[in-house]
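This report considers the overall dimensions of the chain and then the surroundings of its ligand.

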Amino acid sequence: MSMSVMDIFETMAYGPAPESTSTALAWIEERQPFGLFINNQWVKPASGQYLESINPATGKPLAQVASANSADVDTAVAAARKAFGSWSKLPGHARARYLYAIARQVQKHARLLAVLESLDNGKPIRETRDLDIPLVARHFYYHAGWAQLMASELSGYEPVGVVGQIIPWNFPLLMLAWKIAPALAMGNTVVLKPARYTSLTALKFAEIMQEIGLPPGVVNIVTGEASQVGEVLVRHPDVNKIAFTGSTDVGRSIRRATAGSGKKLSLELGGKSPFVVFDDADLDSVVEGVVDAIWFNQGQVCCAGSRLLVQETIEQPLIHKLRTRMEKLRLGDPLDKAVDMGAIVSPTQLQEIQRLVAQGVAEGAEMWQPSWACPTEGSFYPPTLFTNVSPATSIAQVEIFGPVLVTMTFRTPEEAVLLANNTRYGLAASVWSDNINLALDVAPRIKAGSVWVNCTNMFDASSGFGGYRESGFGREGGKEGLYEYVRPTWKNETTKHSKKFHIAIQSTETAEDNETAFHNGTIESLPSIDRTPKLFIGGKQVRPDSGYSRDVFNVKGRVVGEVGEGNRKDIRNAVEAAHAAKGWSTGTTHNRAQILYYIAENLASREAEFAHRIVQQTGRIYSDAFEEVQATLSRLFSYAAWADKFEGVVHRPPLRGVVLAMHEPMGVVGIACPDDYPLLALVSLAAPAIAMGNTVVVVPSQQSPLSATDCYQVFETSDVPAGVVNIVTGERDSLSLVLAEHDDVDAMWYFGSAEGSKRVEFASAGNMKRTWVSNGHDRDWLNVPQSEGREFLREATQVKNIWVPYGE
Ligand code: NDP
């Protein structure tokens, strides 16, 4: 029955507006079965096997895609390694030209890419056309700029090498762009594994690279299964970095698999992001916001606003408005330009959503879905709203990764913040209020990498994206994202600085000479042996829980003192004290600077004593030890200076508004110090951490801990608030492990053996804390470029991007 214009006017129904698929289907038909893209050539998989890619909207096969195995991964990594030599040496301008050419070519093929993405993933063409593909192009343009500027803006850094990149199915081409653009800009080469369900746009992208003449081997695309490709790439000895986006569980297994390998790692994982609505928000905008937050891409978005937190007084009207809106959402053929929601990526994902929703119902929450029915062919799931949800239930805690929204209420802003942070994740948050003061007060208190004020799901290449807590670490986009793909150049130079030490015993100036010098004049100023075996926790000197002390020996094997033998319990107490001192992070940066200067002042007044202590423990000559103390004072001044100068930036993405990129402290940082430079290394690590607003639990040099215990008094007289610095002496590696395993420690820095580094990285996977380990390599702590400055400050902070749009 055909409709008259009058009928349409009456019903106000949209007619179908299908996008043609003929070009895309012909493109697939001409090429399949698809090969692997290695060295700019299409090669058959070693296994001779292919996987079927299914159209989620119909459940019918779409294409045959190569199923690679470890032999193919080896070939691809070898190709990338070979290409790295020349690609990394190209001038930045040359790489910028290639990235620019890719951006142009993506725009020229935008429609084909959009249609392929819709067919393969099931997401609405409106989204692929208006969001995914334009953002892909923007990402390459933006990073063409960084390639151009690398030499000047990242001087002192070089590419990491061959990068293994593993991406999910929810934004297939966009995630590829987020990975490949910064990697190439910084001079790396790439082996990329697309998700098993969605390889097609990556294969079209491979053609684009051929078209623009990207040198062979710079980017290799290896399709296949996780066990055959992903895991192999993660463990491959010739891969220098892994960049992964996907589930937290897989992220955790990758953290463990790469522990101790020296591979750089960035992880963008799951979320359960809060969408916080205060009673003065504009409810009609809120409703449209919710639609974008949780029904965008069928809710298969890592940063989906899946927890609606509403101020109690407006719950009823908001839920009413939402249900009315949900009745009007259009779900169906993703290629229909008038459709709001498409298909779920696969039957497996669909079943998982069904299972979690059933669990929510069983847990007693109230479930509501619109009255209209879903298509029966393909994998579809309707928008779903849960009310009467209690915060501890699984639907309130588990990432559902589907179009399912759970609602909870709060009364005060404090309650809103508590509820928002009541999750293991920390990827994103939205805050809705017409009171800008309230919104900007709440935004920094929510633990999340992106906070959207009166908007949601905004992305731009200029503004880094990534998580806090179990949502992973590292950023994609912004300048901060570049550091995931570079390393300091000095790491290439061998630093056997221990040779530089002037060990009294080995030089003409013997330890005995040294001691004689003291006896001849300054015997009174020699520090008396401190026999008080205590720890420094919560601003107090406390006895170790074990009740044991350990001897401190000098190089001749003579006992020069004792320190407390810290254990698991002491570390736990120290972490608790560090948490209780959180007010440190919200105090002024000016105040932090003042206290760092004050520490320097009080240390300076005892400089000879500290130098003697170093001599006593290490057997180095006095002038060497004195130099270490002077360097320590300088370092304290540096971080006092940095305390109010390592500032964020204001981004101007293409929208009316600004993005405030703020450097936030990590929280509680565990620090295990190296043995060399017992005073300088301790200060080099603890000072940047506290300057940035963290509180720290420090395990000082195991061999020479007296330089640390001598600092207790300095801290006490320098107004360092109780709990900001905690020091637990004892066995470095076992104490480090307790810190690395601790769920309330937010970052762990370890400077010790390769084996210890591995154990720390492995143990950190529990709460996915960020780690910074030395892998057994020494740093020259006297050398300023190696041991002071921005690298330390970046490790001490994480970037939060707060999006603030303008206008009514
Ligand atoms: P996964 O984390 O399993 O997959 C992401 C990517 O990693 C895919 O390319 C996958 O390959 C690959 N992979 C899987 N296991 C390993 C491994 N052990 N080593 C190396 N690579 C591996 O996500 P799923 O696709 O299975 O989705 C499951 C859940 O993950 C979703 O329900 C959702 O909760 C979450 N998720 C989160 C995303 C995010 O952006 N944060 C994105 C996608 C999913 P293959 O495709 O071949 O399995």
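In this predicted model, the chain has a radius of gyration of 29 Å, which agrees with the value near 28 Å that a compact globule of 808 residues would have. The C-alpha trace spans about 110 × 60 × 45 Å along its principal axes. The secondary structure comprises 30 helices and 31 strands.

Of the 808 residues in the chain, 60% are buried. The chain exposes about 30600 Å², and carbon and sulfur atoms supply 52% of that area. Among contacts between residues at least 6 apart in sequence, 75% join residues at least 24 apart.

The ligand is surrounded by 27 residues, of which Ile167, Trp169, Arg196, Ser247 and Glu399 are the closest. By residue class, this shell divides into 12 nonpolar, nine polar and six charged residues.

| Residue | Protein atom | Distance to a ligand oxygen atom |
|---|---|---|
| Ile167 | polar backbone atom | 2.8 Å |
| Lys193 | polar side-chain atom | 2.9 Å |
| Ala226 | backbone N or O atom | 3.2 Å |

Taken alone, the ligand exposes 850 Å², and the protein buries 84% of this area. Elements that give two or more residues to the shell around the ligand are α9 (226-235), β9 (241-245) and α10 (248-258). The largest share of the shell, three residues, comes from α9.

Terms used:
Residues numbered from 1 in each chain as written. Predicted model: local features only at pLDDT ≥ 70, side-chain atom pairs only at ≥ 80, totals over all residues. Heavy atoms only, no water. Near = heavy atom within 4 Å. Polar contact = N/O pair within 3.5 Å; in protein donor to acceptor, adjacent residues only side chain to side chain. Areas by Shrake-Rupley, 256 points an atom, 1.4 Å probe, with all protein chains shown as cover. Helix = DSSP H or I, 4+ residues; strand = E, 2+ residues; numbered from the N terminus. Nonpolar A, V, L, I, M, F, W, Y, C, P; charged D, E, K, R; others polar. Rg over C-alpha atoms; globule rule 2.2 N^0.38 Å. Buried < 20%, exposed > 50% of the residue type's maximum accessible area, 1.4 Å probe, protein only. Contact = heavy atoms within 4.5 Å.
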